[in-house]
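User: Please take me through the aromatic side chains of this model, with the criteria stated as you go.

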Amino acid sequence: MTDRPEPVSPTGLPHVIDHRHADVSGGWLRAATFGAMDGLVSNTALIAGVAASASAQTVVLSGVAGLLAGAFSMALGEYTSVTTANEQIDSEVRVERRSFRKNPEGERAELVAMLMDMGMTEPTAARATEEIHQDEKRALNFHLVQELGVDPREKPSAQLAAISSFFLFAIGAIIPLIPYLLGYESLWAGLACGGVGLLIAGGGAARFTRKPLATAALRQLAFGSVAIAATYVVGTLIGTVTT
């Protein structure tokens, strides 16, 4: 009996036939989700707090100011945080590269030990280590993945994270303002728009996380409602004290 070769996909990549994985290293999904949720919750809460004791014109001015300030703040924060994280990875790459040059045998022994911890026998781990270390760049990446849990070849984009955060925050923040911008001076209409936005945002995120749509949507609505209600109560109390 002869061994039959395993079927190979048209692309030559494993698992393409039975399943595909989403890109979990780009950084844009976290930034976009966080931006949309923050825009919805913070601006709906801001509008609720201001509307509790102020005119519709003040609500609109506060909402627009909150949109612009929040969008720029989110974008700057995302760009800075992702850039800092990437620079830290670059720093660890340099540390590992220096260790490769100064103590190559120690690095090989370290990799043998890691592969043995993964279940390989010592002879197999030693052979695998020799093959991996034939290419320094490949070996460097492999060591960093095993030691730090990050692949320096797959760093998230700071620009993409910042842009995603800016636009999704702005979109989220403008939703509760829609009734006021259309001439309907109704807080309840703004709150309803904000609630619908939270449901849509939560459901949209569930598409990427493969969580039940209803659970994700209602979870975001519940969290947002707590923040909005608390802000409204504070706004009401402040308005009562100052009048």
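Analyst: Helices (H or I, at least four residues) and strands (E, at least two) are DSSP runs, numbered from the N terminus. The model is predicted, so local features need pLDDT of at least 70 and side-chain atom pairs count only at pLDDT 80 or more, while totals for chains, interfaces and linings use all residues. Residues are numbered from 1 along each chain as its sequence is written, and side-chain values use heavy atoms, with hydrogens and water left out.

User: In which helix is the place of Phe-72?

Analyst: Phe-72 pairs with Phe-166, which belongs to helix α6 (residues 158–174), and the two residues are 94 apart in the chain. The place of Phe-72 itself is in helix α2.

User: Is Phe-72 buried or exposed?

Analyst: Buried means under 20% relative accessible area, exposed over 50%, and partly exposed in between (1.4 Å probe, protein chains only). With a relative accessible area of 53%, Phe-72 is therefore classed as exposed.

User: Why is the pair of Phe-72 and Phe-166 edge-to-face?

Analyst: Rings of Phe, Tyr and Trp (its six-membered ring) pair if their centres lie within 6.5 Å, and planes under 30 degrees apart count as stacked, over 60 as edge-to-face and the rest as tilted. The ring centres of Phe-72 and Phe-166 are 5.1 Å apart, and the pair is edge-to-face because the planes are at 65 degrees.

User: Which residues form one aromatic cluster?

Analyst: Phe-166, partly exposed at 23% relative accessible area, also pairs edge-to-face with Phe-167, with centres 5.3 Å apart and planes at 80 degrees. The one aromatic cluster is formed by Phe-72, Phe-166 and Phe-167.
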